[in-house]
Amino acid sequence: MKTDSFDVLVIGGGPAGLCACAELSRCGIKVLLVDEGPVLGGQLVKQTHKFFGSREHYAGVRGIEIPDKLQEEIDEKLITVYSSSTVVGIYPPNNNVLIYRDQKKVEEHSFKYIIIATGASENMILFENNDLPGIYGAGAVQTLMNQYGIIPGKNMLMVGAGNIGLIVSYQLLQAGCRVKKLIEAAPSIGGYLVHASKIIRMGIPVQTSTTILKAIGTEKVEGAITVKLDENWNQIEGTEEEIEVDTICLSVGLAPSYKLAVHAGCKQIFIRELGGMIPWRNSSQETSVNGIYIAGDACGVEEASSAMIEGRLAGLNIAKCMKRLSEKACNEKIDDNLISLDKLRSGPFGERIVEGIRKLEGKSYE
Amino acid sequence: MDRIKNHPILDFEKNEKITISFEGREIECFRGETIVSALSVAGITTLRENVKTHRPQGLFCAIGKCSSCLMEVNGVPNVRTCIVLVEDGMTVRRQNGKGVLHED
């Protein structure tokens with residue numbers, strides 16, 4: 001067992017984790033930040049589009065520029081980073097933690113406070129041959145093209161017309177890939193109109209009330225069969241259409257990635273609006289296990305902007321417990337962030353999240 | 001898959017050229033990219049065989065969460081090749097099933 005000089009462990013160096021580090025280091029708190037990826041920033045490192053909202057929420061800034069801005073806020077002397085490393089277990093009540101450092105050796109540490117900011121993972125949908133090579137999650141497509149500079153395919157079928165499906169379709173055109181068709185099972189496009197108009201203008205055919213029935217191919221994708229859906233989401237016989245593509249991109253939503261919280265014994269509840277099963281938390285972002293906090297997509301799928309504020313809230317609430325800042329100063333900062341979060345969720349697209357949070361606050365985990 | 005030549009927003013700086021081996025075949029790639037990105041450019045899409053169905057499996061999530069890209073790297077099985085960077089002289093093999101643990 002290592003005797004640790006760190007006060008807090010932050011798991012995940014995406015928007016939530018980096019913001020938590022910023023607030024903690026500002027209060028003079030020493031942090032160990034563990035991240036699985038080779039570079040910090042989480043999914044921001046591949047978001048080439050400009051953010052919406054107000055200036056305090058980085059509106060007009062491209063996602064790829066945000067990690068550097070956040071790291072500027074962090075006092076490097078107070079934060080130790082283990083990148084390409086994985087937290088593989090949390091054992092309360094002393095919060096002993098196993099870290100697979102550099103994917104090579106296991107280290108054991110213990111922490112009074114832990115912030116879980118592990119993000120989300122992509123959903124899969126059911127269709128024949130959905131495991132064929134050449135079928136990627138939308139995030140994987142973004143990683144290949146925007147992080148590593150690779151065109152993920154020549155001809156693509158995009159499944160899902162939420163914001164991610166729309167944005168990634170546009171980014172595929174920028175990278176030199178042909179998006180042959182975008183299909184959406186719902187009767188209307190789910191994402192912002194501004195993104196939808198952009199890709200329709202670029203000539204990508206969008207078909208709503210349509211889903212994928214089958215991927216064609218044996219070693220890899222050679223095509224796909226789509227089918228129309230009626231108002232009850234049943235497939236309409238005779239509307240099958242074959243399309244020749246070498247890649248299928250699934251943009252069908254995300255689910256919170258919170259296995260570590262379950263391992264630590266954090267109680268879970270089901271809230272559909274926040275992405276299904278999630279660890280229970282209070283408005284301080286603390287879970288049912290003493291000292292373990294959670295922030296960002298890991299506790300409810302939302303947006304990078306709200307993940308950042310939740311990360312700050314988790315950091316500030318720990319600073320308050322550690323009495324590193326006067327209670328008054330802490331409370332003022334916490335209130336500012338809560339107001340900012342409310343503002344972010346006040347638009348029509350925030351309604352679902354607000355409803356989810358209302359359910360969460362009304363429920364105890366017992 | 002090809003590398004992007006021109007992009008309206010992004011610049012892709014090329015690092016030092018290095019070589020890895022895939023199933024005995026030499027593959028040129030660049031320091032700083034993942035094993036999967038190097039394999040993709042070389043046209044390799046099947047990364048392993050499914051444990052139960054023995055069907056070919058390729059990249060899916062690219063952020064180390066889904067296990068679809070587990071391969072044997074330098075003799076070690078179950079390496080998530082989507083988040084591990086290439087190193088000069090690295091040996092990469094397709095993994096069948098759960099892979100085999102080699103004694104040191």
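This is a predicted model: local features need pLDDT of at least 70, side-chain atom pairs count only at pLDDT 80 or more; totals for chains, interfaces and linings use all residues.

Colleague: Thanks! Which peptide bond is cis?

Modeller: The one from A:Pro92 to A:Pro93, where omega is near 5 degrees.

Colleague: And A:Asn95, what is its phi?

Modeller: Phi of A:Asn95 is near 50 degrees, which is a positive value in a residue other than glycine. A:Asn95 also sits in the loop between β4 and β5 of chain A.

Colleague: Is A:Asn95 buried or exposed?

Modeller: A:Asn95 is buried, at a relative accessible area of 2%. Buried means under 20%, exposed over 50% and partly exposed in between, using a 1.4 Å probe and protein chains only.

Colleague: Let's zoom out. How many helices and strands does chain A have?

Modeller: Chain A has nine helices and 20 strands. Its C-alpha trace spans about 65 × 45 × 40 Å along the principal axes. Of its 366 residues, 54% count as buried.

Colleague: What radius of gyration does chain A have?

Modeller: Chain A has 21 Å, which agrees with the value near 21 Å for a compact globule of 366 residues. The radius is taken over C-alpha atoms, and the globule rule is 2.2 Å times the number of residues to the power 0.38.

Colleague: What about sheets? What order do the strands have in the open sheet of five?

Modeller: The order is β9-β16-β10-β11-β12 in chain A, with parallel pairing. At the edges are β9 and β12 (206-207) of chain A, each pairing on one side only. Two strands pair if DSSP finds at least two bridges between them.

Colleague: How many bridges join β11 to β12 in chain A?

Modeller: Two bridges join β11 (residues 178-183) to β12 of chain A. In that pairing, A:Leu182 stands opposite A:Val206.

Colleague: Which strands of chain A run antiparallel?

Modeller: One such pair is β18 (residues 268-271) and β19 (residues 276-279) of chain A, joined by four bridges. A:Gln268 is placed opposite A:Pro279 there. The hairpin has four residues between the strands, and in it A:Gly275 takes a positive phi near 110 degrees.

Colleague: Now chain B. What pattern does it follow along the sequence?

Modeller: Chain B reads β-β-α-β-β-β-β-β-β. With a radius of gyration of 14 Å, close to the 13 Å that the globule rule gives for 104 residues, chain B is as compact as a globular protein of that length. Its C-alpha atoms fill a box of roughly 45 × 30 × 20 Å, taken along the principal axes, and 48% of its residues count as buried.

Colleague: What is the order of the open sheet of three strands in chain B?

Modeller: It goes β4-β3-β8, with mixed pairing. Both β4 (56-57) and β8 (95-96) of chain B have a single partner strand, so one side of each is left without a neighbour in the sheet. Strand β3 (residues 48-49) and β8 of chain B pair in the parallel sense over two bridges, and B:Arg48 has B:Gln95 as its bridge partner.

Colleague: Where is B:Ala62 found?

Modeller: B:Ala62 is in the loop between β4 and β5 (70-73) of chain B. Its phi is near 65 degrees, and B:Ala62 is buried, at 8% relative accessible area.

Colleague: Last one: which residues is A:Asn129 in contact with, leaving aside its neighbours within four places in sequence?

Modeller: Those are A:Ile135, A:Lys214, A:Ala215, A:Gly217 and B:Arg55, where contact means heavy atoms within 4.5 Å. A:Asn129 is in the loop between β8 (120-122) and β9 (135-137) of chain A, and counts as buried at 17% relative accessibility.

Notes. Residues are numbered from 1 along each chain as its sequence is written. Chains are lettered from A and ligands numbered from 1 in the order in which they are written. Side-chain values use heavy atoms; hydrogens and water are left out.
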